[in-house]
Amino acid sequence: MAAAAAPPLHSVFVYGTLLADEVVRVLLKRVPPSSPAILHNYHRFSIKGRVYPAILPVDCKKVAGEVLLGITDQELDILDSFEDVEYERRAVEVSLVEWKRLHLEDYLVMTTEFMEEMEKPQD
């Protein structure tokens, strides 16, 4: 007898109240692993009379958040149900903020050199 394939796990970008581990723990009964992330070409907006934000596509803007990893189908259903009626789940591409760990030190050296060059007296 062949073993059944494990159901697919999901990665979910969150940007508002679901950034709070306490909220996620109440909903999912656990806090899944996560990674800081940036969603490009979206903007976060406050909603009058609400304690949570919304995001909409806006060119040249970005939203900081995180990606919850290893989300099951059942957990995804819970997260979907928790969202407001205007919520629409969409597949998006995010940039994980591993860049900082991997490249920040070298980038700061380059940026410092750039600024030193900019601050030199012009002949």
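On α2 (73–82), the face turned away from the buried side carries the exposed residues Q74 and S81. Here buried means under 20% relative accessible area, exposed over 50% and partly exposed in between, with a 1.4 Å probe and protein chains only. Helices (H or I, at least four residues) and strands (E, at least two) are DSSP runs numbered from the N terminus. The model is predicted, so local features need pLDDT of at least 70 and side-chain atom pairs pLDDT 80 or more, while totals for chains, interfaces and linings use all residues. Residues are numbered from 1 along each chain as its sequence is written, and side-chain values use heavy atoms, without hydrogens and water.

The buried residues of α2 are E75, L76 and L79. Viewed down the axis of α2, these residues fall within an arc of 100 degrees, so they line one face of the helix; the arc is taken from the directions between the helix axis and the C-beta atoms. They pack against β1, α1 and β3, where contact means heavy atoms within 4.5 Å.

After α1 comes K29, with a positive phi near 65 degrees.

Most residues other than glycine have a negative phi. N41, in strand β2, has a phi near 65 degrees and is partly exposed, at 37% relative accessibility. C60, in strand β3, likewise has a phi near 65 degrees, and it is exposed, at 76%. Strand β2 also holds S35, which is buried with a relative accessible area of 7%. Apart from neighbours within four places in sequence, S35 is in contact with E66, V67, L96 and E98.

The largest pocket holds about 990 Å³ of space. A pocket is an open set of points on a 1 Å grid over the protein atoms alone, where a 1.4 Å probe fits and protein lies on both sides within 12 Å along at least five of seven lines; lining residues have an atom within 4 Å of a point. Its volume is the space filled by probe spheres set on the points, which are joined across faces, edges and corners. The lining numbers 35 residues, with F13, Y15, I55, Y87 and E88 nearest the centre. At least two residues each come from β1 (10–14), β2 (34–45), β3 (54–71) and α2, and β3 gives the largest share, six residues. By class, the lining has 24 nonpolar, four polar and seven charged residues (nonpolar: Ala, Val, Leu, Ile, Met, Phe, Trp, Tyr, Cys and Pro; charged: Asp, Glu, Lys and Arg; polar: the others, Gly among them).

One aromatic pair was found in the whole structure. F13 and Y15 are stacked, 6.3 Å centre to centre with 25 degrees between the planes; rings of Phe, Tyr and Trp (its six-membered ring) pair if their centres lie within 6.5 Å, and planes under 30 degrees apart count as stacked, over 60 as edge-to-face and the rest as tilted. F13 is buried at 15% relative accessibility, and Y15 is buried at 19%.
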